[in-house]
Amino acid sequence: MLVSAIVFLLLALPWTFAPDGQTHASWQQFLGRFHPLAVHLPIGLLLLVPVLEIGGRIRPSLREAAGFVLGCAAICSIGAVVLGILLAHGGGFAKEAVRGHMWAGLILTIAVITCTLLRSSWITGQSSFLYPVVLLAVLALTAWTGHQGGALTYGKTYLTEFAPTFIKQLGPHKTYPSVDPVSVYVTRIQPILDSNCITCHSGAKVKGGLQLDTYAHLMDGGSSDEDIVASHPEKSLLFTRITLPTDHPKLMPSEGKPPLTPKDIAWIRAWIQQGASPSSTTLVGMELKPAHTDDPIPQVGDYSGLTSQIEQIESTLGIKLDRVSARAADGLVLRTIGVSQKFSDADLAKLEPFAPYIVDAELGHTRVTDNSFAILAKMSHLRAIHLEETPIDGRNLKQLTSLSELRYLNLSSTKVTKQALNDITPLKTLQHIYTYNTPAAPVPVP
Amino acid sequence: MKQHPLCTDIEHGPTILDLPIDSGLKHEWAELQTRRHFLGRAGKVMGWAALASLGSGEALMGLARESQQRSAPLPSPETLRLPNFAPKAQRAIYLFMSGGPPQMDLFDYKPKLAALFDTDMPDSVRGAQRLTGMSSGQSRFPIAPSHWGFKQYGKQGAWISDLLPYTGKMADDIAIIRSTNTDAINHEPAIMLMNTGNMNTGKPCLGSWLSYGLGSMNNNLPTFMVMMTKKNEEENNQPTSSRLWSSGFLSSEHAGVSLRSAGDPVLYLNNPQGVDSAVRRKMLDAVSEINRQTYEELGDPETHSRIAQYEMAYRMQTSVPELTDLSKEPKTTWDLYGPEARVPGTFAYNCLMARRMAERGVRFTQIYKRGWDVHTHAVGLLPMLCGETDRGAYALVTDLKQRGLLDDTLVVWSGEFGRTVYSQGGITKEDYGRDHHPRCFTTWMAGGGTKPGITFGETDDFSYNVVKDSVPVRDFNATILHCLGIDHNKLTFKAQGLDQKLTGTTPAKVVDELLL
């Protein structure tokens, strides 16, 4: 009788305290926040039950304890589930986000109660298989519910984030089309997230289980799966959360950070509306300012593995290999000005291992000669080369014609001649050549 | 704090540094703690230093290393993850026209005013505008149209005063902003606001923020250098002080190093007679060692700055003479900058030096030119001030451009506020004066990813209120940071319980229209 009353009350809870995405009375949140702590007690007790049951085959006294422990587990489960529902309701979780975990928790609690009842008949020898089966089911359900709860707190990728790739491949994972560096996503959308959201939604901080640092993370969503619903901004939680009234506690970015500008919001809306694509380069109705579309920076490979070698070479040569920006793929700037008096071709040659990552070679005022072009040609991503006030005369300039991303070449105050310059006319990307104070000057800047 | 084994008065229990609290708080504590501890422990420190040189140095070094590994790292370009995005500008040069140049005499052309000479300012324009104590007592506010003519320059057809013929020549290289405005009406708060984003002293200035956020490009020269232009006896010279290049609550490594306008550019940089470089090096090594022990004892991060400063000074012994040696400048340089550039301390000389610093990887150079505070006798003073600065600024931009450095060098020209359209004191056909005016003033930027050849923002017919595209100081600074690859909301430092930033707490925005 009592038992069925409890079960009935439990089942009524999700309706009385239905999570609706709003925060509620602070006492609910206060108590609710003990849920993540409290759940560990019934979990521990439940895991102990099979141990005691099996141990009981050798030492019957253990088996007696099993009944007591199971009873405790049932009581604790009820407590934990009540706290959990208070948290879901009071803490303002979205219904979709917690629904699965909530029902799993309720069913688990009821299963534990059932288990406790079944055990008494099992002890007396009636229904010999029912109890073990239900107990096993309870254990499996515990694992599943616990995992779901963990994903809510720490984010879905918490467990697998640092797993070796072969493990990652085992799990269900969505694959996304690859991201185009000139797409609207890269040029307009990700920058908005970068400057407004990633302080709380990337790296060690994964608020709401949501990471916003890459396309895949964005599309994976957070504790809700519907952060981005392609073609439906109104159904996308992310869009809802950035368009709430400014005094709404759920507005993103949260904690009083300035809300997104109408312009940014318009971009996000249009992007989701038109398919949330990682590669499309236009959005109907949105004008891409021509200025901003100019040359997205070609990306270089990942050099993070070379960090210690980079530090080493910096200190041996006295140079700097500074990153262009926080994005590793923007490449490195080679700065030699601190040691320009002694920096020579031989030193430049030592930088060969880093050649593919250097996008800007600042060699002005150094002692490098025309022989350096062979090494420079290996820096395949070079966008700018500074050679002002060096002893070069340009006789090997044609070696640079393989640099397909080169836009800027500074030869001021060198001995470079007009004929030498003809050798680099095939370089179509080159936008600025500076030849101030050289035999080749004046050359109209192309 | 680790107790040295030789120290007798053992302290018991953990200190603040051992507590699991925010490293920023520990840092602040360490700084405060220092002063109190200093006197009490100074004697002992000296004792240790002596001991260190007597042979236990290795052991002390070991301790220092250990504690360095333990202490939480201070924020650095590494932890700040800067630049936030690939920058257009690697460095910036800031020409600061201290005193407040009159916008309507230089850039903000108001032809309709001519007909209103000596008539009263309409009250509707002035509104409830606050006045300075210097003109609030005036019974009337007679309009003073500019004494000079204006011409259109460049493809953009920018209106520029006849006072600035050289600036006119580079009209297509600069972005003129006529709608800059500030909240401060007096020099000190206004100049602080421009430089630090806050009217009160104690905050780091732009150059220090850049040094802190982006670090150095050349270890042999300071990241942030300041040059004062020589005083001109006839000008109304408002004082400037080292507060303007102070690093505020940032480590003093990030403060600006100012070059003197006469004599040795940096005092006491040369070795005294009989001390050669090797001796100096040995001395510095010993001093650093003592400093390292002091750090170990007191945990004061300023000790690190001091060590860094000594080392910088040592390297500057060779780098500064090279920097200031103009003997290899080609004739074209002197043709461009004019003969004045040969005289140290002139604005033209400073501009030439700024170009040389840019070439040598100085991140931020600021040149101050005082005297723009033309409360009286504007007609006499402005030709002099413009004559002194016009050519230098033009030469700098043009020189950077021809050498291919304007692509990644941002040049900024600005004062701390504008001046009133009405005359302060009386007005005659021949002369007038102008009071401070915060509601609008004209600035310009060039290079470093800014859009060349545009004029941005508009003021009303009296050059009194901004009517279009207002650029408050915080937006101006946010835009400068943007050129250097910095999101102004992300360059922060925790002090006094707040994530402090250059643009302050009022939301600021980057002025996209000024950017390429």
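**Cysteines and a chain interface**

The structure holds 0 disulfides over all chains. This is a predicted model, in which local features need pLDDT of at least 70 and side-chain atom pairs count only at pLDDT 80 or more, while totals for chains, interfaces and linings use all residues. Residues are numbered from 1 along each chain as its sequence is written, chains are lettered from A, and side-chain values use heavy atoms, with hydrogens and water left out.

Reader: What makes B:Cys386 count as buried?
Author: Buried means under 20% relative accessible area, exposed over 50%, and partly exposed in between (1.4 Å probe, protein chains only). B:Cys386 has 0% relative accessibility, so it counts as buried. A:Cys197 is at 14%, so it is buried too.

Reader: How do you know that A:Lys263 and B:Asp512 form a salt bridge?
Author: The rule asks for a side-chain nitrogen of Lys or Arg within 4 Å of a carboxyl oxygen of Asp or Glu. Here the N to O distance is 3.5 Å, so the pair meets that definition. Across the interface of chain A and chain B, the rule finds 1 salt bridge.

Reader: How many residues are in contact between chain A and chain B?
Author: Contact means heavy atoms within 4.5 Å. By that rule, 34 residues of chain A are in contact with 33 residues of chain B.

Conventions:
Disulfide = S-S within 2.5 Å.
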